[in-house]
Amino acid sequence: MHRRRVHFSAAAAAAASSRFPRQFARPFSLRREIPWWYQTLDPGSEFVARWNHVFLVSCLIALFIDPLYFFILLVGGPGCVRIDFRFGVIVTFLRTVADLFYLMHMVLKFRTAFVAPNSRVFGRGDLVMDAREIAVRYLRTDFVIDLAATLPLPQIFIWFIIPAIQNPTAVHANHTVSLIVLIQYFPRFFLMFPLHRRIVKTTGVIAKTAWTGAAYNLILCTLASHVIGSIWYLWSIQRLNSCWRMECEKEMNNTRSPPCKQRFFDCTTLNDPQRMLWLNSTQVLAKCDAFKDDNHLQFGIFASAFINEVASADFIEKYFYCLWWGLRNLSSYGQSLMTTTLSGENIFSIFICIAGLIFFSHFIGNMQTYLQSSTARLEEWRIKRRDTEEWMRHRQLPPDLQERVRQFVQYKWLATRGVNEETILQSLPLDLRRQIQRHLCLALVRRVPFFAQMDHQLLDAICERLVSSLHTKDTFIVREGDPVNEMLFIIRGEVESSTTDGGRVGFFNSITLGAGDFCGEELLTWALVPTPSLNLPSSTRTVKTLSEVEAFALRAEDLKFVSTQFKRLHSKKLQHAFRYYSHQWRTWGACYIQVAWRRFKKRKLAMELARHEEVYYMNGGDEESEYGHEDFDGDEELSQLTDDATGTQHLGATILASKFAANTKRGANQKVTILDPQELKMPKLFKPNEPDFSADLRES
């Protein structure tokens, strides 16, 4: 029964699988990816930071677009105004695109987390990621202002309300649209303040460079001039239209024929026969002529708009003139304005004066700060250089020493631009500092052949402790006999390394070190000692720069720490490499080779003398004269060889031969000791015993 049940269930499963095939559209995962429209954004994330900058630029563009509505109205003919519908369509389209950015910003704020106020005890606080809490908080705080700034009120009025009004005049329609734009301009302007604070809180600064910050403040000043100029143009058209209507009412009271009508001032009636008759007989245009207003008592600060025919000019000419008017009066705080007694005009002039004080004290001050920050290092260097000059004159330093100080200060400024690299690196975390040092120094350190044979761990430890070192031409880095406090690894330039072997008379060795070489190797010998003395080793060479030198320095305490922590530095391979690339060890090797060569020549000379003596005693006295002549020749050869070896002549050839035979016999009787290979150890990197070149002279 059990087997039948099993077979039945298998058959049923096979049938079910054939009827309902299991097809998966994508791999199944317990951690399903959340769609982006359901994700909650971190206010400190890179995406939000970039969006804030993009939205700030869009806000500036929107604040620039809105005043363009004031330029839609223009003087279209004698005694009439009209609306530029083509320009109005362009401005409306740009305004709609800008409104989309405001709408997108509102949507993102519904999905952006916020920091809980009660968690701001230490650090950045805890983020609230719940969508409902985020929405409730946004509705209670910034939603109303954002909505007022986002609503497309000018578009609604132009597309829906104005067509529904019967016989709307151009002046009434434009003034209504301008009033709506001006009212909505305030929430759009104040929306930038919390956005500005949010960007500074997230990224630290608005502009990352000094020139960007200066350009940002200059754009704000230009935007203020643009707004002031646009309002001035709109008010100019309104003043002209008010003058026409006022004079028209006077003509209507005088029962003049043909009578003046208010609709005549709209350009839609430009071809009306009644208007043409009225235009030929009216005095309205003559009484509202800005050219006849010599004292500006009728038009006040708006007279230049009609004297220069700005109201009837093309948009480009009109716009730049209004921008110049606003910038000129903001920068001069409205001092050149000649106003009438009208309260509205005086209030506008007062607003220009106050706005000029605010903008040019705040924004121009910030722009000056940004520009000065770009040259702050240069000013610090100039002050330091001036202090150095005063100090040198006060101490009465020699002219050549003063020139060397000036060269070093100039070279250091050109190499570092006044930046203290050590201070910057010490303020960073250890891991980040290690990676930066590896990026800066590893490729340069590997150029040193001695370091190229080390592993990565040891190289990282050395790179972490390297510091930059700059030297000008003809500077003594270290003198022979002075304590060595750092190893120097040359990156650029050339130095001369010379030695007199402790002041020995007639001894001088000099070599030129370039990129990839190092000096101060006595410090490595000192650091490899298990229990080194507190006194630093003395330099065996004098190192002088032949040109401007850039190098990395490894200080004594840092090298000692590396040799203590990393036993890899004690390996035989590295010690052999150190001896091979060390110029001081090469000098010592050359000295020992020279001593060995001189001793070899002396032994060869002694063997030659012994051979001559043996031939002399074997032949007897009858050939004495002949061998005497040969001995004389041998003495000349001996004198010549001795001059090459020691520079002096000696006559004790027999004594030398006997001493050589005794030494040879004593060496033959000595037993040869065979050492175990396991007992062979790598000798430490101490300086070997100095060869005594005068020993050969004393023996002879």
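Is Cys288 buried or exposed, and at what relative accessibility? At 6% relative accessibility, Cys288 counts as buried; buried means under 20% relative accessible area, exposed over 50%, and partly exposed in between, with a 1.4 Å probe and protein chains only.

The model is predicted: local features need pLDDT of at least 70, side-chain atom pairs count only at pLDDT 80 or more, and totals for chains, interfaces and linings use all residues. Residues are numbered from 1 along each chain as its sequence is written, and side-chain values use heavy atoms, with hydrogens and water left out.

**View 1. The disulfide between Cys243 and Cys288.** A disulfide is taken here as a pair of cysteine sulfur atoms within 2.5 Å. The sulfur atoms of Cys243 and Cys288 are 2.0 Å apart. The torsion about their S-S bond is about -95 degrees, so this disulfide is left-handed. Cys243 belongs to helix 9, while Cys288 sits in the loop between helix 11 (284-287) and helix 12 (304-307), so the pair ties together parts that are 45 residues apart in sequence. Helices (H or I, at least four residues) and strands (E, at least two) are DSSP runs, numbered from the N terminus. Cys243 has 9% relative accessibility and counts as buried.

**View 2. The disulfide between Cys80 and Cys267.** Two disulfides are found in a search of the whole structure. The one shown here joins Cys80 to Cys267, with an S to S distance of 2.2 Å. Its S-S torsion is about 85 degrees, so the disulfide is right-handed. Cys80 lies in strand 2 (residues 80-83) and Cys267 in the loop between helix 9 (210-253) and helix 10 (273-281), so the pair ties together parts that are 187 residues apart in sequence. Cys80 counts as buried at 0% relative accessibility. Cys267 counts as buried at 14%.

**View 3. Cys59 and Cys463, two buried cysteines.** Cys59 has 0% relative accessibility and counts as buried. For Cys463 the relative accessible area is 1%, and this residue is buried too.

**View 4. The pairing of strand 8 with strand 9.** Two strands pair if DSSP finds at least two bridges between them. Strand 8 (residues 495-499) is joined to strand 9 by five bridges, and the two run antiparallel. Val495 stands opposite Leu513 of strand 9.

**View 5. Tyr333, a residue other than glycine with positive phi.** The phi value of Tyr333 is near 60 degrees. Tyr333 is in the loop between helix 13 (315-331) and helix 14 (343-374). With a relative accessible area of 29%, Tyr333 is partly exposed.

**View 6. Asp474, a residue other than glycine with positive phi.** The phi value of Asp474 is near 60 degrees. Asp474 is placed in the loop between strand 5 (467-471) and strand 6. Its relative accessible area is 38%, and Asp474 is partly exposed.
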